[in-house]
Amino acid sequence: MAKDNFAVAGLGVMGRNVALNIERNGFPVIAYNRGNENAQRMRAESAGKNVTVTQSIEELASLLNRPRRVLLMVTAGSATDRVIDALLDHLEPEDVIIDGGNAHFPDTDRRAMRLQDAGIHFVGCGISGGEEGALWGPSIMPGGDRAAYERIAPVLERIAAKTEDDGACVTYCGRHSAGHYVKMVHNGIEYGIMQLICEVYDVLRRAARMETSEIQAVFQRWTDSPAVGGFLVDITAQCLSKIDENTGDPLVEKILDTAGQKGTGKWTAQSALDLGVPIPTLTQSVNARILSGLKQARVEASGILGRSEVSYDGDTADLVSVLHDALYLAMIASYAQGLHLIQVASREYDFGTDLAEVSRIWKQGCIIRSRLLDPIKQAYLERPDMENMLVYPAFASIVNASLPALRTAVEVANRSGVATTCLGATLAYLDSYRSEFLPANLLQALRDNFGAHTYRRLDKDGVFHTQWSR
Ligand code: 6PG
C-alpha cells in the first residue's frame, strides 16, 4: 500500500470534491460512503484515479497506513456521531479523525474528549468554498490537537486555495474547537455581508425603481471595486444576470423570497450573546432570514398595515455611489464584529487564535474572501491583541469618511419603506460604538427604581441606590 494515503468518509458533493482534490495533489485516497448512490458517483468521478471507493468502514481502516488519517465530510449533527461510532471499532491509538463539516463547536469539544479516551486525535476543521472550492482549493480552518494537525498539515497545505503572495489558505486556528469556531464566525460574517448586499439591491429596486438589469450593471461595476470587490459581489452580479429560460425574465425575480439557513449564523449570534460581544450586523442578518420565512404572515400584513413610503426622486448615480460607500463601511463593520467575537472567544475558551492568520486564510478560497482581507490582516499583524479593528487608523478613517453615506443610505431606505435590517443595525452599532455617552444612565436609574439594582456615578466612586419615588 502506498504511503501517505488519506481517507474521506462521506461522499456527498463536498466529500467527493475534496477527495478528488486530495488525489489530484498526489495522495492516494480511500473514499468511504455506506450508501450506494454516493459511492457509485464517486466511482464514476474517480475512474482511472488513485481513489479506492469502499462501503465498509472495516475495509477503510484496513487500507489506511498507520497512523490513519480520516477526513469526515458528513452532515453536521448526529450523522457525524454515527460515523465516529462506527470508526471507533476499527481505529487505533494515534489515528487522526478530522471533522470537515460545519459542526457546532461545543459538539467538537465533546467529540474530542470522547476520542481522547481512545487515544485518537480529533481535529475540528472548518472548510469553506462550496463545491468549487472543495475541488480546486478551499480555505481550511483546522483546530484542536496541534500534534495531530502537524500530521495532516502537508495534505491540507496542498489542497487549500493559494493566495498570490501569502501562502496556502490553511492555518492552525487554535486549541480545542477553535477551527469550527472560526468557521462558524466566517459563516456569521457571510450571513451579514449577504444580507447587506440584498438590502442594497432592495433599495435600488424598490426605492430607486431600477430594473434588475440596471442593478446588475451596478454590481458588475463593483466587482472591480477595490473597496467592496470580492466573491460575494462577484456572484451577486452573476445571479442578477441569469435569465429564466421559461419566461425570459431575470431568474431572481422568480425566486420565492424566503431564505433558508442551516444554523451557523444563529450559533454565531448565540455565542456572541453568551460572550457579551455586540455583533448586531451579523445577528440582524439571522433575524432578516427568519422574517423572510414568515411569507404568509407578510403577505397578509401587507394588505392590513399602512404604507407611507415615497420613491427616491434624486439622482440615481448619486444613490449608487452612496450605497457603494455604505456597503463598504458595513462590510468593514461585519468583519470587525466577527473578528472581535473570535478575539474574545479565543481568550474565553483558551483557543490562542491568531487573527492575522485567520484574515490571511480568508483571502482566498472561502465565501467571504474580499479585497478587504489584506488590510485587515496587516492591521492584526501590527496589533494582534486589538479588540475591534474599527479604531485601527486605516479603518477609522474609512469609518469617518463613509459614515455620512451609510446614514444617507438608511435615510433613503427609511423614507421609501425599504427595510434595511443590517445597514440600519450597522449604523446604530457605529453610532453607539463611537459615542462617549449612551442612554444607559437612564437605564440604570430605571433598574434601580424598580429593582434596587444600584448604579455607579460619573462624578464619584462607589455603588449607589436611591429611593426614586420619594
Ligand atoms: C462555506 C459556506 C458553507 C455553506 C453555508 C450555508 O463556507 O462554504 O458557508 O459552509 O454554504 O453553511 O449556510 P446556510 O445554508 O445556513 O446559508
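Arg360 and Glu357 both lie in helix α15, 3 residues apart, which is about one turn of the helix; helices (H or I, at least four residues) and strands (E, at least two) are DSSP runs, numbered from the N terminus. An α-helix has 3.6 residues a turn, so residues three or four places apart point the same way. Arg360 forms a salt bridge with Glu357, with the closest N and O atoms 2.8 Å apart, where a salt bridge is a side-chain nitrogen of Lys or Arg within 4 Å of a carboxyl oxygen of Asp or Glu. Arg360 counts as buried at 10% relative accessibility, whereas Glu357, at 22%, counts as partly exposed; buried means under 20% relative accessible area, exposed over 50%, and partly exposed in between (1.4 Å probe, protein chains only).

This is a predicted model, in which local features need pLDDT of at least 70 and side-chain atom pairs count only at pLDDT 80 or more, while totals for chains, interfaces and linings use all residues. Residues are numbered from 1 along each chain as its sequence is written, and side-chain values use heavy atoms, with hydrogens and water left out.

## Domains and their interface

The domain assignment gives domain 1 (6-172), domain 2 (183-433) and domain 3 (439-470), these bounds coming from an automatic or database domain assignment. Taken over C-alpha atoms, the centres of domain 1 and domain 2 are separated by 32 Å. In the interface, 24 residues of domain 1 are in contact with 19 residues of domain 2, contact meaning heavy atoms within 4.5 Å. The area buried between domain 1 and domain 2 is about 1600 Å², of which carbon and sulfur atoms give 61%; buried area is the accessible area (1.4 Å probe) that two parts lose on being put together, summed over both.

Across the interface of domain 1 and domain 2 there are 3 salt bridges, and Asp166 forms a salt bridge with Lys363, the closest N and O atoms being 2.9 Å apart. On the side of domain 1 that touches domain 2, the elements that give two or more residues are β6 (121-128) and β7 (139-144).

## The buried face of helix α10

Helix α10 (residues 231-241) contains Val233, and its buried residues are Phe231, Leu232, Val233, Thr236, Ala237 and Leu240. What covers these buried residues of α10 includes α8 (178-207) and α9 (212-222). Val233 has a relative accessible area of 2% and is therefore buried; leaving aside neighbours within four places in sequence, Val233 is in contact with Ile197, Phe219, Trp222, Thr223 and Val228.

Thr236 is also found in helix α10 and counts as buried because its relative accessibility is 14%. Not counting residues up to four places away in sequence, Thr236 touches Ile197 and Phe219.

## Backbone features in loops

Most residues other than glycine have a negative phi, and most peptide bonds are trans. The peptide bond from Arg66 to Pro67 is cis, with omega near -10 degrees, and Pro67 lies in the loop between α3 (57-63) and β4 (69-72).

Arg209, in the loop between α8 and α9, has a positive phi near 55 degrees and counts as exposed at 59% relative accessibility. Asp350 has a positive phi of about 60 degrees although it is not a glycine; Asp350 is found in the loop between α14 (316-349) and α15 (355-361) and counts as partly exposed at 39% relative accessibility.

A search of the whole structure finds 28 salt bridges. One of them joins Glu92 to Arg66, with the closest N and O atoms 3.3 Å apart; this pair links distant parts of the chain, with Glu92 in the loop between α4 (78-88) and β5 (96-99) and Arg66 in the loop between α3 and β4, 26 residues apart. Glu92 counts as partly exposed at 26% relative accessibility, whereas Arg66 counts as exposed at 52%.

Asp257 forms a salt bridge with Lys295, the closest N and O atoms being 2.6 Å apart, and this pair also links distant parts of the chain, Asp257 lying in the loop between α10 and α11 (264-275) and Lys295 in helix α13 (residues 295-302), 38 residues apart. Finally, Asp81, Asp99, Asp107, Arg110 and Arg111 are linked in a network of salt bridges.
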